[in-house]
Amino acid sequence: MSKVIVIGAGVGGATAAALLAKAGHNVTVLEAHVYPGGCAGTFYHKGYRFDAGATLAGGFQAGGPHDVVGKILGIDWRVHAVDPAWQIVLPDRTITRWGDEAHWHAELSRVFADSHDVSAILRMNECLERISDVVWDFASRRPAWPPSNLAQLAQAGLALRPRTIAALPHLFQNAQQWAEQVGARDRAFTTFLNAQLLISAQTTADKASALFGAAAYDLPRKGVNHVEGGIGGIALQLVDAIKRFGGQVLFRQEVVKIETREGRVSAVHTNKGLRAECDICVANLTPWDLARLLGDAAPASLQAETRRRADEWGAFTLYAGVDESVAPSCDHVQVVADYGRPLGETNSIFMSFSMQGDARRAPPGQRALTISTHTRLADWWALRDHPGAQQEYDDRVAAYSERMLDNAERVIPGLRGHVHLLLSGTPVTFRFYTRRHKGGVGGFPFTSLFNARGPWTGLPNAWLVGDSIFPGQSTAGVTMGALRVVDEILQFL
Ligand SMILES: Cc1cc2nc3c(=O)[nH]c(=O)nc-3n(C[C@H](O)[C@H](O)[C@H](O)COP(=O)(O)OP(=O)(O)OC[C@H]3O[C@@H](n4cnc5c(N)ncnc54)[C@H](O)[C@@H]3O)c2cc1C
């Protein structure tokens with residue numbers, strides 16, 4: 001039995017911890033915050049339970065990552081399928097993303113009926129769905145991608161099937177090149193595609209890997225879910241599983257230093273004075289935060305990576321307690337306000353209402369609403385770090401909040417009059433609550449299968465999990481990453 005320390009109880013860390021505990025190891029999770037889940041956590045405030053970041057979870061379909069983990073751990077996930085998955089409100093039309101294939105195809109034909117490109121759009125959608133099936137089929141064999149050694153490369157090779165060949169022409173393409181090749185150039189369709197990829201691949205079609213983009217675009221058809229009590233329920237059920245298999249999860253224990261001996265992680269230290277020795281360390285951290293905790297012991301390759309890498313996206317969020325009567329028919333709505341402006345920075349927002357009838361989320365007659373937009377980190381920190389800029393920082397928060405509410409009111413006229421409580425979150429807030437570097441979220445933009453980051457740390461007994469490693473963001477993504485890391489650790493031990 002090996003001693004395993006997991007730093008962080010985000011979905012990636014908690015999944016890895018539960019699987020390692022189930023495999024018979026002595027697992028301790030050290031979590032800085034008072035509850036698990038990180039960016040996919042649900043926090044309590046004055047009678048409401050707000051989803052802090054993630055609101056909608058995929059990967060529970062048969063063979064999906066949460067389903068696989070649930071079966072291994074004996075977890076009966078408390079989730080409810082959502083169909084339609086969400087709506088996208090563009091400046092001149094609304095698109096309902098049905099999970100049901102027939103409904104979805106009919107919807108696409110209806111929405112783009114007047115476009116010159118309608119047949120190309122339908123063809124592009126068919127291509128994306130077909131290649132998504134190929135990608136998910138490949139992923140279901142759990143190849144260790146990106147491979148860290150020849151054995152893993154061979155394993156990835158063995159996961160290939162004759163049908164995988166259909167994906168090869170798109171290996172080096174981005175999603176926009178693919179759409180142009182098919183002839184789907186319509187402005188509304190391009191914006192729709194960009195909006196979908198920004199929330200699922202962290203970048204727009206002109207940069208998103210075509211293959212990853214296909215899998216990300218197709219999430220509604222694979223199935224998305226509400227989690228009872230809020231998205232944090234996933235991590236809570238994982239924490240129960242960790243304990244059931246003899247592991248422990250210690251909250252309010254922020255790891256402030258990782259100790260190494262002879263090039264291996266030997267112990268971690270927390271802000272509460274705890275020193276915990278380990279044989280294996282799993283870090284649910286970004287590379288920057290891992291390097292920070294290692295200090296001078298950070299391997300040169302990790303230090304170089306943290307200097308070279310561009311920041312992740314940040315999120316600006318609003319949390320509102322609102323009257324139930326204003327909730328739209330679809331609980332999740334993405335709004336793009338202006339075709340002429342880049343997405344993010346309030347021009348695109350994602351709104352999610354708590355599930356109807358989920359009494360734990362809001363007082364009777366109300367719902368908990370989370371609204372988010374992608375935002376660049378640098379401007380927030382420039383204001384935060386500048387001693388005289390507090391007013392400017394506050395003004396920016398107020399301006400973002402107003403623009404987000406304006407956009408929300410395009411879907412729910414008069415929403416402001418039905419808000420009982422309103423909180424906001426900036427990258428500074430995310431930094432405080434998740435300890436993530438600069439409050440960046442969502443992992444790295446998915447631009448190519450060949451520059452994907454694996455779980456390596458440069459230290460032989462330490463692995464990263466979470467959305468910094470392939471396949472990146474989302475509760476489903478970090479669960480796939482955790483499965484890969486646990487396979488690797490079990491082979492190592
Ligand atoms: C606004 C927003 C909307 C999103 N929407 C969705 C969505 O709808 N669906 C979806 O699937 N995904 C969504 N995501 C992405 C998803 O939330 C994340 O990709 C995923 O939850 C990240 O999980 P993780 O394992 O990387 O852990 P994190 O969420 O990064 O959690 C890490 C944990 O480690 C802890 N920690 C950090 N440092 C230390 C330390 N030094 N010591 C101890 N503990 C530490 C933190 O407190 C935290 O609990 C969204 C994200 C955001 C921000």
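Which residues of the largest nonpolar core touch the most other members? In this predicted model, local features are reported at pLDDT of at least 70 and side-chain atom pairs at pLDDT 80 or more, while totals for chains, interfaces and linings use all residues. Residues are numbered from 1 along each chain as its sequence is written.

The largest nonpolar core has 138 residues, and those touching the most other members are Ala14, Ala16, Ala17, Ala57, Ile242, Cys281 and Val282. A nonpolar core is here a set of buried Ala, Val, Leu, Ile, Met, Phe, Trp, Tyr and Cys residues joined through C-beta atoms within 7 Å. A residue is called buried if 20 or more other C-beta atoms lie within 10 Å of its own, exposed if 12 or fewer do, and partly exposed in between, with C-beta atoms placed from the backbone. In soluble globular proteins, nonpolar side chains tend to be buried together. Helix H7 (residues 187–201) contributes nine residues to this core, the most of any element. Helices (H or I, at least four residues) and strands (E, at least two) are DSSP runs numbered from the N terminus.

H7 is mostly covered, with 14 of its 15 residues buried. From its first C-alpha to its last, H7 reaches 20 Å, close to the 21 Å expected at 1.5 Å a residue; the expected span is 1.5 Å times one less than the number of residues. Just after H7, glutamine 202 takes a positive phi of about 65 degrees.

Alanine 14, one of the core residues named above, touches Ala9, Val29, Pro36, Ala235, Leu238, Val239 and Ile242, residues up to four places away in sequence not being counted. Contact means that the C-beta atoms of two residues, placed from the backbone, lie within 7 Å. Lysine 22 is placed in helix H1. Lysine 22 has 20 other C-beta atoms within 10 Å and is therefore buried. Apart from neighbours within four places in sequence, lysine 22 is in contact with Ile72, Leu73 and Phe245. Between lysine 22 and aspartate 338 there are 316 residues in sequence and 50 Å in space, C-alpha to C-alpha.

The domain assignment of the protein chain gives domain 1 (3–41 + 56–79 + 228–309 + 442–492), domain 2 (84–222) and domain 3 (313–438). These bounds come from an automatic or database domain assignment. The C-alpha centres of domain 1 and domain 3 are 27 Å apart. Their contact takes 13 residues from domain 1 and twelve residues from domain 3. On the side of domain 1 that touches domain 3, four residues are nonpolar, six polar and three charged. In these classes, Ala, Val, Leu, Ile, Met, Phe, Trp, Tyr, Cys and Pro count as nonpolar, Asp, Glu, Lys and Arg as charged, and the others, Gly among them, as polar.

In H16, 13 of the 18 residues are buried. The end C-alpha atoms of H16 are 25 Å apart, which agrees with the 26 Å that its 18 residues should span at 1.5 Å a residue.

Several backbone features were also found. Most residues other than glycine have a negative phi, and most peptide bonds are trans. A cis peptide bond joins aspartate 83 and proline 84, with omega about 5 degrees; proline 84 is in the loop between strand E6 (79–82) and strand E7 (86–90). Another cis peptide bond, with omega about 5 degrees, joins phenylalanine 470 and proline 471. Proline 471 is in the loop between strand E20 (462–464) and H16.

Glutamate 345, which is not a glycine, has a positive phi of about 50 degrees. Glutamate 345 is in the loop between strand E16 (332–336) and strand E17 (348–353), and its 15 C-beta neighbours inside 10 Å make it partly exposed. Threonine 346, in the loop between E16 and E17, has a positive phi near 80 degrees. With 24 other C-beta atoms within 10 Å, threonine 346 is buried.
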